[in-house]
Amino acid sequence: MVLNSLDKMIHLQKNTANIRNICVLAHVDHGKTTLTDCLISSNGIISSRLAGKLRYMDSREDEQIRGITMKSSAISLHYATGNEEYLINLIDSPGHVDFSSEVSTAVRICDGCIIVVDAVEGVCPQINALTGTLFTSKVLEERAERETESQVNPHSEQGEQVYDWSTGLEDTDDSQLYFSPEQGNVVFTSAIDGWGFGIEHFARIYSQKIGIKKEVLMKTLWGDYCINMKAKKIMKGDQAKGKKPLFVQLILENIWSLYDAVLKKDKDKIDKIVTSLGLKIGAREARHSDPKVQINAICSQWLPISHAVLAMVCQKLPSPLDITAERVERLMCTGSQTFDSLPPETQALKAAFMKCGSEETAPVIIFVSKMFAVDAKALPQNKPRPLTQEEIAQRHERARQRHAEKLAAAQGQAPLEPTQDGSALETCPKGEEPRGDEQQVESMTSKPVLQEEDNQESFIAFARVFSGVARRGKKIFVLGPKYSPLEFLRRVPLGFSAPPDGLPPVPHMAYCALENLYLLMGRELEYLEEVPPGNVLGIGGLQDFVLKSATLCSLPSCPPFIPLNFEATPIVRVAVEPKHPSEMPQLVKGMKLLNQADPCVQILIQETGEHVLVTAGEVHLQRCLDDLKERFAKIHISVSEPIIPFRETITKPPKVDMVNEEIGKQQKVAVIHQMKEDQNKIPEGIQVDSVGLITITTPNKLATLTVRAMPLPEEVTQILEENSDLIRSMEQLTSSLNEGENTQVIHQKIQEKIWEFKGKLEQHLTGRRWRNIVDQIWSFGPRKCGPNILVNKSEDFQNSIWTGPAAKASKEASRYRDLGNSIVSGFQLATLSGPMCEEPLMGVCFILEKWDLSKFEEQGASDLAKEGQEENETCSGGNESQELQDGCSEAFEKRTSHKGESPLTDCYGPISGQLIATMKEACRYALQVKPQRLMAAMYTCEIMATSDVLGRVYAVLSKREGRVLQEEMKEGTDMFIIKAVLPVAESFGFADEIRKRTSGLASPQLVFSHWEIIPSDPFWVPTTEEEYLHFGEKADSENQARKYMNAVRKRKGLYVEEKIVEHAEKQRTLSKNK
């Protein structure tokens, strides 16, 4: 096919019904980019001989070196079939789990996908993860007999089509959910050899040859069917009699015979096959010594892969016009919002989405899924313009004149040459001098500009138009992920009809013009004036307005699209700093650019002042560091050892000791002695009872808190982690109720979600200890949405996150409410950094048993009485006690108000601050009297390996504290799939080590999974006789938890209890002295 012009592409963009936006998904190394190369070569962009070798979409140097794709990149292809012409916007995506965020950005702007499955390895973990999160259909069947197999999902991505699996499942026809060759949504391809076919192709050929209807063959070519050639009948289930299935007999044997003939170099047979198929093979390919070249030449004409795949894409995948209502509603609802709770103007935009119209009145809606950096020189406007014929002729003439003048000058000055200086040899005639100077000046002035341009990285937005026409220069609203149309209505009195120019500032909203529009063509960009709806495009000039992703709309009533869902959680942290401290500003600027260019990376500045880079894995980290050094900061940087995150928790007291002896009386005595020692560490004035109840008073001795800590069941911790968004919205509602604002109306569906969440908690928190606990939950932490709970059992002040503060007595409620915030703040601080190594807590329930403010009230009353005596405003008789009580509340209000000064200044500071510190200390001591444990972040590790290297894989796993969960053999192969869990702390260099030990036969996929308690106690010391015998008096054998804890404490500059040899003498042994 001939290379298409830009005008042709612009013409195709206008026919929305014939646009297909697709992405290619697969496990790592299953051939996505090779398949994409074959499709690109069909448009003449690259040579068909280079397809699979060039890897055109892998434009980065490190992608070519490593041989894996690291970013999503788009290209527009033209495909014609019959009278119809299609524009296919193809996005090649990475397969490595570290770059799954790039897959999410690609999937969001597509309507369907091609799933590539390797015939040898089959459906791999990464494919299951992608299809599980992105698609409704979770039924994938391995169907392939050659090297690669392409399967296309007939539905839109992201599981937008909602099926109620529980009702009427038996009656529903769910055949369209399955991948099946007879449905035409599966093709069999070998991208490296350039062939591909669907069953329909062979059904059409054999229906003419055998005389069986095409429809019958379509249903029987795949499956347990065989043919009786004499009777010309297709029979079922005769495989047991040794007959071959139709698929093998009619299709595969023909392909095998071709391969056999070419590999054995049987020239006569090859000529016969080529003649019978009516193909023309060039003399170069026919004489070539490499059989793969001959196979490619024959197959690419006989079964062209691009035709098989693109025809299926055009038939089976939806156009932008076929967007479903469920998908639109899901895209428009962020967080726990529901579509019905959006303003009516916002709901009206659903029709614009569905219509995908290009009229002038249609609102322009564009979604930017990511920002990517390109070299400024690669932009179309900065590329050197090709010279016209006249300019070329002028340059020729000028060069000829200069050459002639030089020759003349050389002949005229020949005798003077030996005496002249080296620089005088190239003197020019007087008429030529100014031109030389001018040229020199020109070159001097142009150099700095070029250098500046060299250093520039320009950001392009990777986007899709969902409605309206995007035109250059059009003014548009840029809506950030946290923008809310409801907030806009609150701030702008005129509502959505307000003129866009004089608007008051609204959070997360900006107003700008679309500067440059580009057609994305892999490594190239083409300039466009306008882009009709349904197309993928690049937008320039948005780097100051969009950080990672945004929604662009001509109306402020549009909500931001639902945030992208990343499968890989950023967990690998490193601290970076410049080699030369003076280059700090370049590093900060470079990190900002890196943050914008990568959808998954996170940039943090810690309290210590360290600049921290958070990435999804080792490969991702390496790519980010290379980009920082070579593209964005362009300086030498120092990188710390990976910062490993941990969590702190408590457990139930163990029933057996470290030598698996049941803890008996003797042990209990020892534990009590140990507990007494521990209690000595707790300062005086803090009471601890036998069940771990901590009673602590504020420094001014006016308020007393009683707190205890309990471990939460694992299921509850998991529920809290899964519902963090819902908890966050509940906290917002509660805080607005506390402030007396009732502006946020709770929608019915959100209310249902809250009660469902509460029901789940009640279901798991059962038993005597947890009675009525759920109703008394006051707050979650850290950051008000974490996996820890604060429960209020105080009788004086009832406050619950479900109902808000109890209005038992308005004066008492107002007394306790402001101080209640201090208690919650203390709890938040305590859960943010635990006592072991200042890491966040997880799975802990703090119960505030009692909260005594009686002394504080008495103090307030006496202070007011003294004031009254001084001012001679005391009241007589019966009203005195009433006045004191009222005065007490007034004093309290004065004390707790932020602006007003308290009547008596306390040397310990305001009571609210004292309560925060006291609550934090109480929570910490409550933790320390319970058995404390560290929690490690865990990866799930999936390894495919042959039986030969299985032992080596297990050796590497056990060396790194890994634990094998399951091992199963893949049917029909000698491959084993090993599923294991591995601590993140032990994972650095794991993939390289496994590859080295197995000679590259096994490679792991690591995905962050969960947090797991490390069973060993970091503070354990031997107490019983058996433990002394087993571990020795010092018990200095390796304690994994203590090792991790001390490493974190050292990094944070905290005190570490370790033995340091101060005065060491060299030990001499008898053997050494001989």
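Me: Lys355 has a relative accessible area of 53%. What makes that exposed?

Reply: Exposed is over 50%, buried is under 20%, and partly exposed is in between (1.4 Å probe, protein chains only). At 53%, Lys355 is therefore exposed. Keep in mind that this is a predicted model, where local features need pLDDT of at least 70 and side-chain atom pairs count only at pLDDT 80 or more, while totals for chains, interfaces and linings use all residues. Residues are numbered from 1 along each chain as its sequence is written, and side-chain values use heavy atoms, with hydrogens and water left out.

Me: How do you know that Lys355 and Glu359 form a salt bridge?

Reply: A salt bridge needs a side-chain nitrogen of Lys or Arg within 4 Å of a carboxyl oxygen of Asp or Glu. The closest N and O atoms of Glu359 and Lys355 are 3.4 Å apart, so the pair qualifies. Glu359, at 36% relative accessible area, is partly exposed. The whole structure has 34 salt bridges, and one network of them links Arg60, Asp62 and Asp627.

Me: What about Arg728 and Asp725: why does that pair count as a salt bridge?

Reply: Their closest N and O atoms are 3.1 Å apart, so the pair meets the cut-off. Both residues sit in helix 22 (residues 724–738), three residues apart, about one turn of the helix. Arg728 has 39% relative accessible area and Asp725 has 47%, so each is partly exposed.

Me: Which parts does the salt bridge between Arg924 and Glu838 tie together?

Reply: The two side chains meet at 3.1 Å, N to O. Arg924 belongs to helix 27 (residues 911–928) and Glu838 to the loop between helix 24 (810–832) and strand 32 (844–852), so the pair joins parts that are 86 residues apart in sequence. Arg924 has 16% relative accessibility, so it counts as buried, whereas Glu838 is partly exposed at 29%.

Me: Why is strand 15 called largely enclosed?

Reply: Six of the six residues of strand 15 (residues 516–521) are buried, so the rest of the structure largely encloses the strand. Strands here are DSSP E runs of at least two residues, helices are H or I runs of at least four, and both are numbered from the N terminus. Asn516, Tyr518 and Leu520 point one way from strand 15, Leu517, Leu519 and Met521 the other way, and all are buried.

Me: How do you know that strand 15 pairs with strand 16 and strand 18?

Reply: Two strands pair if DSSP finds at least two bridges between them. Strand 15 has five bridges to strand 16 (residues 524–528) and three to strand 18 (residues 536–540), both antiparallel, so both pairs pass. Tyr518 has Tyr527 as its bridge partner in strand 16, and Leu517 has Ile539 in strand 18. Strands 15 and 16 form a hairpin with two residues between them, and Gly522 in the turn has a positive phi of about 70°.

Me: What makes strands 21 and 23 edge strands?

Reply: The open sheet has four strands in the order 21-22-20-23, with antiparallel pairing. Strand 21 (602–605) and strand 23 (637–639) each pair on one side only. Strand 21 is joined to strand 22 (residues 611–615) by four bridges, with Ile605 opposite His611.

Me: What makes a nonpolar core, and which residues touch the most other members of the largest one?

Reply: A core is a set of buried Ala, Val, Leu, Ile, Met, Phe, Trp, Tyr and Cys residues joined through side-chain atoms within 4.5 Å. The largest has 100 residues, and Ile366, Ile539, Leu542, Leu552, Leu613, Ile943 and Phe990 touch the most other members. Helix 12 (residues 305–316) gives the most to this core, eight residues. Apart from it lies another core of 83 residues, including Ile210 and Leu246.

Me: How do you know that helix 8 and helix 11 meet?

Reply: Contact is heavy atoms within 4.5 Å, and residues of helix 8 (residues 246–263) that meet helix 11 (residues 291–302) include Asn254 and Leu258. Among those on the helix 11 side are Ile295 and Trp302. The helix axes come within 9 Å and cross at roughly 145°; axes are lines fitted to C-alpha atoms over the stretch in contact, with angles from 0 to 180 degrees between N-to-C directions.
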